[in-house]
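Me: Please take me through this model one feature at a time. I would like the general idea and then the case at hand.

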Amino acid sequence: MDDIQVVESKPLLVDRELPGLREAVQQLAIKEHDVETPYGRLHCTMRGVPKGERPVVLTFHDIGLNHKTCWDSLFQHEDMAEILHHFAVCHVDALGQHEGANTFSTGYEYPTMDELSETLPLVLKHFGLKSVIGLGMGAGAFMLTKFALDYPKMVEGLVLININPCAEGWMDWAAHKISGWTHALPDLVISHLFGKEEIHHNQDMVATYRHHVMKDMNQFNLQLFIKAYESRRDLDIERPVPGSNVRTLKCPCLLVVGDSSPAVDAVVECNTKLDPTKATLLKMADCGGMPQIDQPGKLTEAFKYFIQGMGYMPAASMTRLVRSRTASGSSVTSFEGSRSRSHTHEGNRSRSHTNEGPRSRSHTADHQRGHAPATDAAPATPAVDQGLLKAPEVSC
């Protein structure tokens, strides 16, 4: 494992420049589009204008949500201004899940998750895009992963929140069937989005999303989307070994999960199936099932590191890292207390923004946002499995 020493330095973007940048970002054009697909019109919202050959950030939400309820807290966070300055964003709403969606007619056959992923190339074609950086949660993360597996040249990177690449097991299926007899649809969504501890201790947030599901979502359409996700097929991802030709993601990936999320076990399992030179697992401390709502500042910071690792935004508002290399070829650090830092990413697509050479890079930042409690105690050791067979893991 690499040893990383954090060194304070002058931010690459001066703080006084940020207010003007944020104001400019607020003026970005937002246009809604309906993209024709074999299954109906797919509602998409483009924020900003695509910039030449640069990829667009393409988002896909989870069940029980739409692009606004899933992503507004993240993209309205003040630190997202830099990313929005450099990248246009295309929000995709699953069929029938956007605000004001009409109810599907009786007998309408909702597409499978595989078929839904096949609508994404049509989105890129509609907007004239060559590639995207995917940002998905839950069902959206699954869909973007399937898209990247089938169309690797169209996806430059993936940020996957609460990803579960496996088909639903028969015990899960039976449990959902039984609970479906006794619980209302909003309860099923809430148990998917939030962990038991979060449901008990964060009742205001849970009540907000329960109200959204009940009042803002088309119940009939939502039920079809949930059924499609619960009927998903296993993505059959395998960790590559030298000489093998297995099905795996080719692009850099950042897997994100809150430490009290109901998806934490599935995300950790997914991490073991990915190429460790391309994948990083970010566990967010004191965080529930929706990191982009709980801790948008921390997630934005991690997103910046990830984008920098891909060779974009070299002048983002961060300080630099100095690192001493050892054996494993992975870099790991953590957010701790009120001074939080995190970045890992290694792979064949790496481009250096430091003086370390063409195949390495690292960035970090002072981070005084998010919900991690301040403490006078010495920083704890990052919760990292140091085995060489695991992709890098980060705790924040």
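Me: How should I read the packing of helix 8 against helix 10, and at what angle do their axes cross?
Reply: Two packed helices are described by the angle between their axes and the distance between the axes. Here the axes of helix 8 (residues 185-193) and helix 10 (residues 203-215) cross at roughly 135° and come within 9 Å. Helices (H or I, at least four residues) and strands (E, at least two) are DSSP runs, numbered from the N terminus. Axes are lines fitted to C-alpha atoms, for helices over the stretch in contact, and angles run from 0 to 180 degrees between N-to-C directions. The angle therefore makes helix 8 oblique to helix 10; under 35 degrees counts as roughly parallel, over 145 as roughly antiparallel, 65 to 115 as roughly perpendicular and the rest as oblique.

Me: What is the basis of these values?
Reply: This is a predicted model, in which local features need pLDDT of at least 70 and side-chain atom pairs count only at pLDDT 80 or more, while totals for chains, interfaces and linings use all residues. Residues are numbered from 1 along each chain as its sequence is written, and side-chain values use heavy atoms, with hydrogens and water left out.

Me: Which residues of helix 8 and helix 10 meet?
Reply: Contact means heavy atoms within 4.5 Å. Helix 8 supplies Pro186, Asp187, Val189 and Ile190, and helix 10 supplies Val206, Tyr209, Arg210, Val213 and Met214. By class, this contact of helix 8 with helix 10 has 7 nonpolar, no polar and 2 charged residues. In that scheme Ala, Val, Leu, Ile, Met, Phe, Trp, Tyr, Cys and Pro are nonpolar, Asp, Glu, Lys and Arg are charged, and the others, Gly among them, are polar.

Me: Is Ser261 buried or exposed?
Reply: Buried means under 20% relative accessible area, exposed over 50%, and partly exposed in between (1.4 Å probe, protein chains only). Ser261 has a relative accessible area of 5%, so it is buried. Ser261 sits in the loop between strand 8 (253-258) and helix 12 (264-271).

Me: What does the side chain of Ser261 pair with in a polar contact?
Reply: A polar contact is a pair of N or O atoms within 3.5 Å; within protein, one must be able to donate a hydrogen and the other to accept it, and residues adjacent in sequence count only if both atoms are side-chain atoms. The side chains of Ser261 and Asn162 are joined by one of 3.4 Å. A polar atom of the Ser261 side chain also lies 3.0 Å from the backbone nitrogen of Ala263. Leaving aside neighbours within four places in sequence, Ser261 is in contact with Asn162, Cys287, Gly288 and Gly289.

Me: Where does Asp286 lie, and what is its phi?
Reply: Asp286 is in the loop between strand 9 (279-284) and helix 13 (291-294). Its phi is near 55°, a positive value in a residue other than glycine. Asp286 is partly exposed, because its relative accessible area is 46%.

Me: What is phi at Met313?
Reply: Phi of Met313 is positive, about 50°, although Met313 is not a glycine. Met313 lies in the loop between helix 14 (296-309) and strand 10 (319-324). At 2% relative accessibility, Met313 counts as buried.

Me: How many of the 396 residues, as a percentage, count as buried in the protein chain?
Reply: The share is 54%. The protein chain has 14 helices and 14 strands.
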